[in-house]
Amino acid sequence: MKSDVILITGSNTTWCHPVFGGMIKKAVKQNGVKLIVVDPRETDLAKIADIHIRQKGGSDVAWLMGVQKIIIDNGWHKKEYIDTRCEGWDEYLKSLQSYTPEMVSKVSGISKEDLYAIAKLYATGGKAAIYYAMGITQHSHGVDNVKAISNLALITGNLGVEGGGVNPLRGQNNVQGACDMGALPNVFSAYQPVTDAAIREKYAKSWGIDVATMDAEVGMPVTLMVDQAGDKIKALYIMGENPMMNDPDLHHAEHMLEKLDFIVVQDIFLTETAEKADVVLPATSFAEKLGTYSNTERRVQLGRPAIDPLPGVRQDAEIIADLATRLGAVNFPSTPQALFEEMRMVTPSYRGMTYERIEKCGLRWPCPTEDHPGTPVLHTAKFTRGLALLAPLVYRPSEEMPCDEYPLLLQTGRLLEHYHGGNMSRNSFTLDTLKPECELDIHPEDAEKLGIKSGDMVNIETRRGKVKVKARVTASIDKGALFMPFHFSEAPANMLTNNALDPIAKIPEYKVCAARVKRAD
Amino acid sequence: MDNEEIKRLFTLAIEREIEANEFYAKAAKSMKDESVRAIFSDLAKEELGHMELLERFKEDPTLEMKMKKPATDTKVAESVELPKLSTDMKPADALALAMKKEQQAMELYLGMAANCSDSGLEAIFRNLADMELGHKNRLETLFVDIGYPEVF
């Protein structure tokens with residue numbers, strides 16, 4: 001790691017990205033890298049941080065912009081970098097004026113002194129990297145949160161620098177790859193827009209189909225598909241996803257899925273969603289298949305099968321190829337390598353990768369030719385739009401804030417032992433033995449007021465539902481906040497979460513909703 | 001190979017740099033986007049720098065021209081189409097156009113070297129090709145920085 005300072009926010013890195021979390025821990029403990037953690041919970045990394053500050057849920061724009069105001073007021077910003085590589089300074093500076101330490105302290109709960117300490121260490125400690133995960137993005141103002149992070153890196157000259165940067169830790173091991181391959185409503189692979197006739201022509205030629213048969217319209221984000229079920233959406237083909245555990249506001253999601261005429265689920269276990277499906281296609285797991293994964297640093301790596309497929313299951317690629325052939329496709333590639341070869345020919349940023357080249361330690365895109373070594377750091381000299389835009393931002397509270405009726409703020413997330421909706425990890429004897437049941441984290445002062453002790457069964461309730469769960473009284477969570485993992489179907493956290501969406505990214509607000517807790521009778 | 005022949009050759013190369021300078025300067029004036037204007041202005045200045053370098057060799061043919069050959073050629077320019085010059089170009093298109101022009105210059109000199117019977121002249125053409133490869137490499141690095149955006 002080339003960083004001097006690391007700022008982590010919205011990420012319990014050692015639990016949710018254990019390999020990378022271990023690297024950060026090593027950088028801090030062995031190499032003396034300074035660590036700032038801003039998180040309502042005392043995570044493993046918070047325990048070894050130089051600064052750990054707890055912010056109130058949903059206050060990220062406020063504290064991030066407040067820190068920037070302190071940096072500029074103290075002259076710690078990189079003026080030359082801003083002058084040569086950024087634009088929008090005047091508007092940005094104007095919007096920054098409202099983020100006084102007083103305002104920020106009130107909104108975020110972070111003291112003026114702590115804000116100053118974060119600002120000073122981040123801005124003056126050398127090359128500074130920011131790492132964040134879904135604690136930043138899963139908000140009704142998630143895009144604003146990311147813009148605020150980008151602003152902070154820009155004014156301190158930390159973008160396009162090895163050891164610096166804005167580094168989102170993707171939610172799953174191949175989210176980056178899925179997005180790169182166009183598993184999005186508006187783009188083909190490598191983010192080439194479906195609305196561009198020349199791009200459609202290129203794909204039609206590659207696939208040997210008539211371009212006139214291709215849809216030129218932008219599709220629908222998955223969060224909106226559920227809302228349109230039974231209306232515009234009549235059927236769903238769901239692969240490797242379990243909306244009956246992972247969608248926000250599960251009562252609503254279940255109600256909407258029941259409106260569909262037809263559901264196909266292709267997965268490795270009979271998930272809660274598969275139980276509702278008309279057709280279930282059993283597929284191979286990661287351990288049984290060949291293929292590539294693109295990780296959070298854009299590195300494309302080759303995964304190889306460790307075991308033969310179990311009886312009765314088929315490779316995803318085979319299932320899809322068979323289906324495509326039955327729907328009329330000719331010469332549809334049916335092996336991972338054939339698919340990869342076809343893909344790279346139409347995907348400029350992956351074009352220089354071959355199975356042979358990525359065999360050992362992978363390559364980071366852009367890798368546009370077979371002579372290109374891949375690109376570890378982007379934007380070292382230029383930004384995509386030429387100059388980077390400093391974004392003026394207005395603080396917007398989360399959709400739900402604590403009130404008399406629901407006085408606490410619930411945050412959902414993952415545990416070290418389990419993964420996502422629990423589909424894989426809860427079917428693992430070892431992992432499920434290590435963590436067999438759901439627990440709700442509550443601060444000792446809140447617990448005392450409510451007469452709750454560790455191990456008590458409690459009902460947690462929001463405007464959308466009620467779930468019975470075991471309480472864990474712990475000072476690792478901030479006062480006024482609650483934490484509940486979303487892996488357990490016996491206590492499904494997403495019965496409680498809010499399906500309010502960010503207006504741009506359409507991501508649900510999993511990280512903040514108003515809740516109340518009572519001892520269960 | 002006499003000095004007059006060398007001077008004639010460098011005059012040809014200098015004219016190419018002047019043409020490129022004029023092309024980029026004119027393009028800079030017509031662009032709508034400020035960032036693209038800046039890219040073309042920078043390219044115009046760079047071409048003047050190349051011209052001055054070549055002038056030195058023209059004035060003193062006894063100087064031995066030994067351009068450092070870049071260690072690699074990633075061939076990024078060869079992987080893209082030449083964009084059409086238009087007033088609403090994006091920054092990546094401007095860089096793509098510039099790296100394609102360097103590729104064309106490099107290929108021109110390599111072609112001349114291949115058709116040369118005089119070993120001295122061939123060496124100069126290969127040096128000029130290496131110089132253009134160096135320019136192409138630099139522009140390719142800039143292009144890769146912004147030419148494959150994760151925008152959706």
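Colleague: Let me start with a detail: which residue in S8(A) is the bridge partner of A:Ile238?

Modeller: That's A:Val265. Keep in mind that this is a predicted model.

Colleague: OK, and how many bridges join S7(A) to strand S8 of chain A?

Modeller: There are 5 bridges, and the two strands run parallel. S8 covers residues 262–267 of chain A.

Colleague: What's the strand order in the sheet they belong to?

Modeller: The order is S7-S8-S9 in chain A, an open sheet of 3 strands with parallel pairing. Strand S7 (235–239) and strand S9 (279–282) are the edge strands, each pairing on one side only. On average, neighbouring strands here are turned by 10° against each other, direction ignored.

Colleague: Switching to helices. At what angle do H4 and H8 of chain A pack?

Modeller: About 65°, and their axes are 9 Å apart. Helix H4 is residues 60–73 and helix H8 is residues 112–124. An angle from 65 to 115 degrees counts as roughly perpendicular, so that's the label for H4(A) against H8(A).

Colleague: Is the crossing left-handed or right-handed?

Modeller: H4(A) and H8(A) cross in a right-handed way.

Colleague: And which residues make the contact?

Modeller: From H4(A), you have A:Trp63, A:Val67, A:Ile70 and A:Ile71. H8(A) brings A:Leu115, A:Tyr116, A:Ile118, A:Ala119, A:Tyr122 and A:Ala123.

Colleague: How many of those are nonpolar, polar or charged?

Modeller: The contact of H4(A) with H8(A) has 10 nonpolar residues, no polar and no charged ones.

Key. Residues are numbered from 1 along each chain as its sequence is written. Chains are lettered from A and ligands numbered from 1 in the order in which they are written. This is a predicted model: local features need pLDDT of at least 70, side-chain atom pairs count only at pLDDT 80 or more; totals for chains, interfaces and linings use all residues. Side-chain values use heavy atoms; hydrogens and water are left out. Two strands pair if DSSP finds at least two bridges between them. Helices (H or I, at least four residues) and strands (E, at least two) are DSSP runs, numbered from the N terminus. Axes are lines fitted to C-alpha atoms, for helices over the stretch in contact, and angles run from 0 to 180 degrees between N-to-C directions. Angles under 35 degrees count as roughly parallel, over 145 as roughly antiparallel, 65 to 115 as roughly perpendicular and the rest as oblique. A crossing is left-handed if the near helix is turned anticlockwise from the far one by less than a right angle, and right-handed if clockwise. Contact means heavy atoms within 4.5 Å. Ala, Val, Leu, Ile, Met, Phe, Trp, Tyr, Cys and Pro count as nonpolar, Asp, Glu, Lys and Arg as charged, and the others, Gly among them, as polar.
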